[in-house]
Amino acid sequence: MKALTCFFYSIVFLFALAPSSLAQVTQPAKTNSSNVQDTTKVVSDSTKNDFKESSGKDTVVMQGEDGLETMVTIVANDSAWNEVSKNILHLYNGAKVKYQEFELSADYIRLDRNTNQLFASGLTDHNGKYVGRPVVIFPGETPKSVDSLLYDYKTKEGNTYGIMTEQDGAYIQAKVVRKNLYDELSLRTGMYSTCNLPYPHTHFGIQFTKGLLAGNHIIVGPAYLVVENIPIKFAAIPFGFFPRQNKRASGFLFPSFGEDATRGLAMRDIGWYLAFSDYWDSEIRGSVFSRGAWEGTVRTNYLVNYKYSGGFNIRYASTPTGVEGTDTYNRNKDFNVTWNHTQRQEANPGTSFSASVNFGTSTYYQNTAFNLTNSYRDITNNNMSSSISYGRVFADGKVNFTSSLSHRQTMSTGQVDLELPTFSLNVSTFNPFDSKKRVGEQKWYQRITVGYSLQGRNSISTGDSVLFRKESLNNFTNGFQHSIPIALNLNAFKYFQFNTSVNYTERWYLQTIRKGLVNEKNGFSEMRDTVQGFQRAYDYSVSSGLATKIYGMYPKMGKIEAIRHVITPSVNLNYRPDFSDSRYGFYRDFVNQNGLAERYSIFEGGIYGGPSAGRSMGIGFSVDNNVEAKIRTDNDTTGKGFRKIKILQGLTFSGNYNFMADSLKLSTISFSGRTSLFKEKINLNFNGVFDPYTVGENGARIDRFALQDGKLARLTSFGLSFDYSLNPNANKSRNNNIDSLRNQMPNLTPDQANALARISTDPNAFVDFNIPWNLNGSFSMNYSQSFNQETRRMRNNVTATVNLNGDFNVTPNWKVQFNTGYDFRQRAVSLTRFSIYRDLHCWDMSVGWTPFGQYKSYNITIRAKASILQDLKLTKRESHTSF
């Protein structure tokens, strides 16, 4: 009834204020004709009547009740005729009367000054269609479209015929609306519906025969439901009395029905909507299953205009397992909490605050399967993570401070990692030796740059079942890290870029460790103690290098006009001292339980690690390759048409050679690259690692090059992935549709704006009936080597998965969507789900079906659609949001 109440209020507002304005428009034209500026001119007869034809615009300057002069505009695009003998003014085709911010437009308007009546209606065009219906616009109100209206501006009484108006995403139609002197509105034969068509072809509505709006209440005569044009009069009410509320209203939330393979028949998400104010609301929902399972949800959204918005969702589920009455019977109790908060930048410039929280029991999504709030991604995701962030910018943007609280949870193992908190302070790099009054180019020493960053962390890693126990809370590790990079970049020898840098890092800890042996009955065992107290650890490194670009052009071959190969080699010399030396005090020696001397770092396990052991001086190298071809196009008649093809993008090899190492001086050689195929419809990515050394009998690397055994190197890992869409125009068509709608509807309501924002930011959350079909596929493969202790040989491990998802229109109003995949290593089909959608224009129906597997189930949902999505023909799926 919220929308119905708003409608009645709008009608009162319209007829109480607009008619008096219309009276002021017409009366001065009769009594003070000297103020009329006649700009009409004779044109051909387009209305086929016997009146004298004229068109143009009349402007009337007059005084209102407040004594101020006001401009009244009367416009007719086709013709206007002032029938002087009868004192009647006729306006045709695009006729418009505008007074202040009030506006009435129609294809025909008649002003009769003798009877003090205003009549407006549409016209029948050459195709026999009734067009140009009157539209009344008042400031702050939605336009009101009617079939015709007749109003006596002297008695302030009149009838409106065939009115239809939109209120909060719903539509109200009435055949006749009449207003009397007591500001009471009488309605006859009205309908409340979610469909915006002149006569709803498919709808779920309420039809009433008579209605009266008086003061602060509404009285309705016999009313009954209408579903698909079928009246359900046995559910009619003979009489209804409703108080008027000029605010959002609470109401019942209709459930959906289905069946779950493990929990039985289901009635999902029945509940109640609570409208506390215009700034926050809430939903309370519940689901029950025939086998004893149940779920409860509380969802709340809040909004402060121009400042911030957000919402949180608390969900709890109780799921029985096993056979009731036996020892195997158990009841799983799961929960999940989400919170999202976004602050607008203009609310507090220079300061930011945001939150994205998602935590709960690791089995929540698995046990609750496909409900209306769980998506395909939730079911297959193995991680939950949260982050609450705060940021502040100082010193004209040169100093940036950020802090956050974060959590990461692995659902398969129950491992929880908490960061409470993490912060960083970063100072932008600057040139300390440069002068603000410098004229000309910088000298070499003025190019030196210095930066600074400070980071701090306080973290814990434990199981979710013991997270809040006292012994776990004592296991937090913390520390601070300072970094000061100093760099210099110069052009050298015309074709080279010279760079050198010094990096200094210092870490502060409040805890260090000590290792030793404990004498026990069965011998000695290793002991690890934590020693409280402040300790600092520092290290530094120096690096200098050269980089350049080499361009190569290959000769013309057939249709290939040219091939360009760009090679970017770089080499650097790096040095780092041995910080395990006893003079630094960062490392200590002890004899382990096997009687062997061992050196360890007192910062072992530190949150930022510690200085590395061993001196390093080596040469780092990398080579990047980019290959493109220019090919002549056959369909270009000038012979000058070419298109570029990217053959290789970013094929990079990198490694390092350490002169100071005792053995294995050459590091592994890593490589990565990407390319695109079939006119960039397929994006292919690959990466891997080559090991230049062989392995011994125990699988460990030995100081012997694979080249000595006749092999260039060992491929220890390799990854390949690509994805492809058979209909790449799907996203383009969708974006164009949204942009077009946004341009056509400049005055979106808040609900429509939010719906449009959700479409733009989450394109996978909607079904687009404008795209007849779409098919997406992806493939990923990973290869690695590991040593098999049983066979005493290297073993090859290969994993490969393929995923398919897409949709197609069976008819313009029926769409089928699917997700599936196959794991070649497990030799099993991955989670497969089919969804069927029926577009009912102002309503939509969806059927979700998981045919096999752990989450075997089906679900049927019918719900009203947001008005903005009716025009887009986009259907929201698997969402708890109500429009």
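Predicted model: local features only at pLDDT ≥ 70, side-chain atom pairs only at ≥ 80, totals over all residues.
Reader: Why is asparagine 93 called partly exposed?

Author: Its relative accessible area is 35%. Asparagine 93 belongs to strand S5, strands being DSSP runs of E with at least two residues, numbered from the N terminus, as helices are runs of H or I with at least four. Its phi is near 55°, a positive value in a residue that is not glycine.

Reader: What makes aspartate 396 exposed?

Author: Aspartate 396 has a relative accessible area of 80%, and the class asks for over 50%, so the term applies. The residue sits in the loop between strand S29 (383-394) and S30. Aspartate 396 also has a positive phi, about 60°, without being a glycine.

Reader: How do you know that lysine 815 is buried?

Author: The relative accessible area of lysine 815 is 1%. The limit is under 20%, so lysine 815 counts as buried. Lysine 815 is part of strand S50 (residues 814-823).

Reader: What makes the approach of lysine 815 to aspartate 807 a polar contact?

Author: The term needs a pair of N or O atoms within 3.5 Å; within protein, one must be able to donate a hydrogen and the other to accept it, and residues adjacent in sequence count only if both atoms are side-chain atoms. The side chains of lysine 815 and aspartate 807 are joined at 3.1 Å, so the distance meets the limit.

Reader: Why is asparagine 797 called buried?

Author: With a relative accessible area of 16%, asparagine 797 is under 20%, so the label holds. Asparagine 797 lies in strand S49 (residues 793-811). Its side chain has polar contacts with the side chains of serine 786, at 3.0 Å, and arginine 795, at 3.5 Å.

Reader: Which residues does asparagine 797 contact beyond four places in sequence?

Author: They are Asn782, Tyr783, Ser784, Gln785 and Ser786. Contact here means heavy atoms within 4.5 Å.

Reader: How many bridges link S34 to S35?

Author: S34 pairs with strand S35 (residues 523-547) over 23 bridges, again antiparallel. Arginine 507 has alanine 537 in S35 as its bridge partner. This hairpin leaves two residues between the strands.

Reader: What makes a set of residues a nonpolar core?

Author: The members are buried Ala, Val, Leu, Ile, Met, Phe, Trp, Tyr and Cys residues joined through side-chain atoms within 4.5 Å. The largest such core has 26 residues, and Leu91, Leu104, Ile109 and Leu149 have the most contacts inside it. Strands supplying at least two residues each include S3 (69-76), S5 (88-99) and S6 (102-112). Another core of 13 residues lies apart, with Ala537, Phe579, Tyr587 and Ile602 among its members.

Reader: Where does the predictor give pLDDT under 50?

Author: pLDDT is the predictor's confidence in each residue, from 0 to 100. Residues 1-56 stay under 50, and the model has 123 contacts for them beyond four places in sequence. Residues 868-883 are also below 50, with 76 contacts beyond near neighbours in sequence. Across the protein the average pLDDT is 76, and 75% of the residues score at least 70.

Key:
Residues numbered from 1 in each chain as written. Heavy atoms only, no water. Buried < 20%, exposed > 50% of the residue type's maximum accessible area, 1.4 Å probe, protein only. Pairing = 2+ DSSP bridges.
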